[in-house]
Amino acid sequence: MNINYEYYKIFYYAAKNRSFSRTAKVLLTNQPNITRVIKILEGELGCTLFNRMKNGVTLTPEGEILYEHISKAVELITEGEDEISKANDLQSGTVTISVTETALHGVMLPLLNEFHERYPGIKIKLLNHSTPQALTALKSGIANLAVVTTPINTEGSLNFHKLREFRELIICSTKLKDLAKRTLTLEELCSHPIISLNRNTRTYDFYSDFFFQHGIDFQPDIEVATADQIMPLVKSNLGIGLIPEPMAQSGDVYILKTDEEFPKRSIVLAENADKKLNAAATEIQKMILKKCNMFANAEI
């Protein structure tokens, strides 16, 4: 049986209002049209749905059975339409962003605060990932957007927008502060214990490539899982730390200079070209690019 959904919708409102005339006003149509649709529906179902009375209508036993089922369906559909409307109006919804530590501190924190204040009904889910993990989450649809740090593999269906550049800092504690008075060679630097992110990160690969280009085998003495672990280890005199500039904190540490500078790196917004963004993700994407427009759409 293939009956137009609109017929069931009209039946639902007629049963709820117990009047064809009131139903016509609610649905912005006329009473003869309501009467015509109900007759068609009764013909299709092979039963009478309403008892016609002078001051309105009541449901027949068959009408009661149908209303019990139709009311659930119409109300669920209406709830779904309302939720979509609210999501499109940014009153509700969820945006999931996979972000690296450096990108969080270097770009996202003030933007997330502004977005949350502007759209308090939107739920924000942050996934703390390395760059490779973040891009995998984006490709698989787990995340709507990813904000990561270079180096990255730009092949595939992902689009990238450069948001800002930064450099690596080389930091030491007060115990080694005399080193900050002069420029060190990379060989001198590596004669001291080195603390860096671990070899499962693109940052480690970046360090390793840099030192290799200058004929040095990069072998840090302490490898950590997250960049926020580097600063307390340096302050505890466990070695010289290599840390992305957005993660550095002032106080009790000294910045060292070397005769060879690390190349600049970038914080990048990544999108999956194969997946359409929801309204919330589209809005925060626009905010990110607007705030970082000096580098937006630049080459990676």
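**Entry 1: helices α5 and α10**

Helix α10 covers residues 279–291; its angle with α5 is about 130°, and the two axes are 11 Å apart. The contact involves M108, L111, L112, E114, F115 and R118 on the α5 side and A280, E283, I284, M287, I288 and K291 on the α10 side. I took contact to mean heavy atoms within 4.5 Å. The crossing of α5 and α10 is right-handed. For the hand I used this rule: a crossing is left-handed if the near helix is turned anticlockwise from the far one by less than a right angle, and right-handed if clockwise. Axes are lines fitted to C-alpha atoms, for helices over the stretch in contact, and angles run from 0 to 180 degrees between N-to-C directions.

I note that this is a predicted model, in which local features need pLDDT of at least 70 and side-chain atom pairs count only at pLDDT 80 or more, while totals for chains, interfaces and linings use all residues. Residues are numbered from 1 along each chain as its sequence is written, and side-chain values use heavy atoms, with hydrogens and water left out.

**Entry 2: helices α1 and α3**

I next examined α1 (residues 5–17) and α3 (residues 31–45), whose axes come within 10 Å and cross at roughly 110°. These two helices are therefore roughly perpendicular to each other. Their crossing is left-handed. Y7, Y8, I10 and F11 of α1 make the contact with I34, V37, I38, I40, L41 and L45 of α3. Helices (H or I, at least four residues) and strands (E, at least two) are DSSP runs, numbered from the N terminus.

**Entry 3: the sheet**

In what order do the five strands of the open sheet stand? I read β4-β3-β5-β14-β6, with mixed pairing. Strands β4 (123–128) and β6 (158–166) are at the edges with a single partner strand each, so one side of each has no neighbour in the sheet. Two strands pair if DSSP finds at least two bridges between them. Strand β3 (residues 94–99) runs parallel to β4, with six bridges joining them; T96 has K125 of β4 as its bridge partner. Helix α5 (residues 101–118) packs on this sheet, where it touches β3, β4, β5 (145–149), β6 and β14 (265–272), and its direction makes about 160° with that of β3.

I then followed β14. Four bridges pair β14 with β5 in the antiparallel sense, and A146 is partnered by A270 of β14. Eight bridges join β14 to β6, also antiparallel, with R164 opposite I267. Eight of the eight residues of β14 are buried (under 20% relative accessible area; exposed is over 50%, partly exposed in between; 1.4 Å probe, protein chains only). R265, I267, L269 and E271 point one way from β14, and S266, V268, A270 and N272 point the other way.

**Entry 4: N198 and the cysteines**

I located N198 in the loop between β9 (194–197) and α8 (202–213). N198 is buried at 17% relative accessible area. Leaving aside neighbours within four places in sequence, N198 is in contact with Y204, E223, V224 and A225.

How many disulfides does the structure hold? I found zero, a disulfide being a pair of cysteine sulfur atoms within 2.5 Å. The sulfur of C172 has its closest cysteine sulfur in C190, 14 Å away, which is too far for a bond. C172 is buried with a relative accessible area of 0%, and C292 counts as buried at 10%.

Definitions and conventions: Angles under 35 degrees count as roughly parallel, over 145 as roughly antiparallel, 65 to 115 as roughly perpendicular and the rest as oblique.
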